[in-house]
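Here's a quick look at one chain and the partner it touches. Have the model open while you read.

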Amino acid sequence: MSNEIIASLAKFIAEKILKQPSKVISADEAIISSGLIDSFSLMDLALFVEDTFNVRIEDTELNAETFDNLTQLAALIASRK
Amino acid sequence: MTTLPNLLQRSYQEVPDKTSIILQHAGQPDTSLTYRDLIHGANRFTLTYAREGIKPGEVIILILQHGEDLIYAFWGAILHGAIPSIMPFLTEKLAPEKYRADLTSLISITKPTAIVTYPEFEAEVRSALVEGDSVRHVILTSQIEAKTEPDFNSLQGFNASPKDIAVLQHSSGTTGLQKGVALSHRAVLNQLEAYGKTIRLDPASDIIVSWLPLYHDMGFIACFLLPVLLRIPLVNMSPFDWVRAPYRLMQSVSQYKGTLTWLPNFAYNFCAHKIRERNLEGVNLSSWRAIINCSEPVHVESHDLFFEKFSAYGLAKSALQTCYAMAENVFAVTQSPLDGIPAVDEIDRETFMTQRLATPPIAGQPSMKMTSSGHPLPNTKVRVVDADLNDLPNRSVGEIAMQSDCMLTEYFNRPDATESAIKNLPAQGGVPAAEDGSGSVVKNGWYLTGDYGYIADGELYVSGRKKDLIIVGGKNVYPQDLESLASEVPGVHAGRTVAFGMYDEEEGTEEVVIIAEADSKDPAEQQAIADAIRKHVTKSSAIALRHVKVVDDKWIIKTSSGKTARSANKEKFIRELS
């Protein structure tokens, strides 16, 4: 389950946010603190999570302290399902 | 003639209980500051600056985040007669070593006496200091004097003359930080008076709502100096909170019955695309009388998107307005009349591209829509000139030049930059050049804006840029900064990189493209170099790159003098995309 969430998130980030569909994003790679996803795109990620997994991430949680890689984000999603 | 401290003192004496600023932080209750709170807080910093021996006229750099400290440290410097300049705070996106290098470079040109920051950030600031530089004090927010009743007679800011420099404004990046726009008290107050009249400001009914950062001219002047000095209440949220939850802007306008907001073009698209209806329940936007699009090229499609989304919540179409502004004129140069919607000029695309003329559309031929930036402010003159600085007729595209009584005094400690931007133009149509009363070195000179545009029916249409500047989300980015960063990446030919912006309709702003020549012709290696460029440039400039293209030798077009021809390279890139 968690791997499916990670794969789905990685695909979304590569295709829709970075617009580099072939880019591989590994599960434990830093995505916020590294600057890979800029602040303007954090909203897109939150909306995607909400629409895809029916789980809400509050705007005050959109920071590297709450999650900074796909493993952590997937765990957050799983914990709220 | 008054100065900034005089206005603060009057507000303190006449309306001490009036709300000046409502500070918002996500997840916390709002903090309301009256003029009494503002002056008391500022006075603590003034006393601190005096204790540290900082003299009037010396520069104080403020490295603080959205919040009370920043506000008090700023106005405290004004009351002390020192010159404050707000520097962006380090974000997680930017590499600390790059931030440090930019700060060191800023210090070497601006020569501040002091830097104000948080105790947690002291080590970072000190690491940017070098032996023999101008900085004598790093003042920490934990070392500020206690609150006392201000003794206006002893405050040195009251000795300032209207022609003295009041504030310094920098734009972003290595290049921007080296060009501080120095503004006198008189220039600031002349701008506020002229602009206040133009937008019919009313301290009894207007409320400004803003998320704009204070280190940028639109946030700094329109949404900080203007409201505080002219007694318009300001509801101020952090840009970091807004970008994660743009609906907060609408909720704040609704809650406080906000009337005025300034936004860069991308924000219209951002709000229209990313706000969910569930965050707008009960929101009423009917109080919003002007939302002024400024600081990047205006696109009428962005206004349309915004109106479509928010008209159901009471937004009036007439609220969508435009402005053309620059720090060199303190802020606004032109403003659309607020009693209608900005004019849209539909012109023939071909004639515009090939003859640089804005002529009516021809049936069956492609046309383009230009949005008016409105009329010049009552104190500002605008002309459009050719490369030899001769006036052009209406509807001819040329460089926009402007003159006013609120122009910059100079680029601080940069006589070279001042001289190249300010030119004496022949008198215009028998109208004598305005006496420049701002105390500026710019006497009778016209400021060449580096922007292209044309005049039609007395209104200005801004159509492009002569200077190589990319504007991303309202933020000025100098391509040369990005190119030199890309050149630092191993495998890239030094000096063989080019950066430019491309307008993205979906986002409503420019996106950055970087092209770099590499030794390797292997696609996998080129991809690895592209990834490395992306990472390095973003970490060093806090700018996200949309396209990074690594190319073989001799792809990049240079001019005969060996300079990178950015527009020619952009055209080549676009041809190869299609």
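## Chain B at a glance

Of the 578 residues in chain B, 51% are buried (20 or more other C-beta atoms, placed from the backbone, lie within 10 Å of the residue's own). Keep in mind that this is a predicted model, where local features need pLDDT of at least 70, side-chain atom pairs count only at pLDDT 80 or more, and totals for chains, interfaces and linings use all residues. Residues are numbered from 1 along each chain as its sequence is written, and chains are lettered from A in the order in which they are written.

As for secondary structure, chain B carries 17 helices and 28 strands (DSSP runs: H or I of at least four residues, E of at least two).

The domains come from an automatic or database assignment:

| Domain of chain B | Residues |
|---|---|
| domain 1 | 1-18 + 35-160 |
| domain 2 | 323-375 + 393-424 + 434-465 |
| domain 3 | 470-577 |

The C-alpha centres of domain 1 and domain 2 of chain B sit 34 Å apart.

Now for the partner: 14 residues of chain B meet 13 residues of chain A (in contact means C-beta atoms, placed from the backbone, within 7 Å). On the chain B side, α9 (239-244) and α16 (523-541) each give two or more residues, and α9(B) gives the most, with three.

Definitions and conventions: A residue is buried if 20 or more other C-beta atoms lie within 10 Å of its own, exposed if 12 or fewer, and partly exposed in between; C-beta atoms are placed from the backbone. Two residues are in contact if their C-beta atoms, placed from the backbone, lie within 7 Å.
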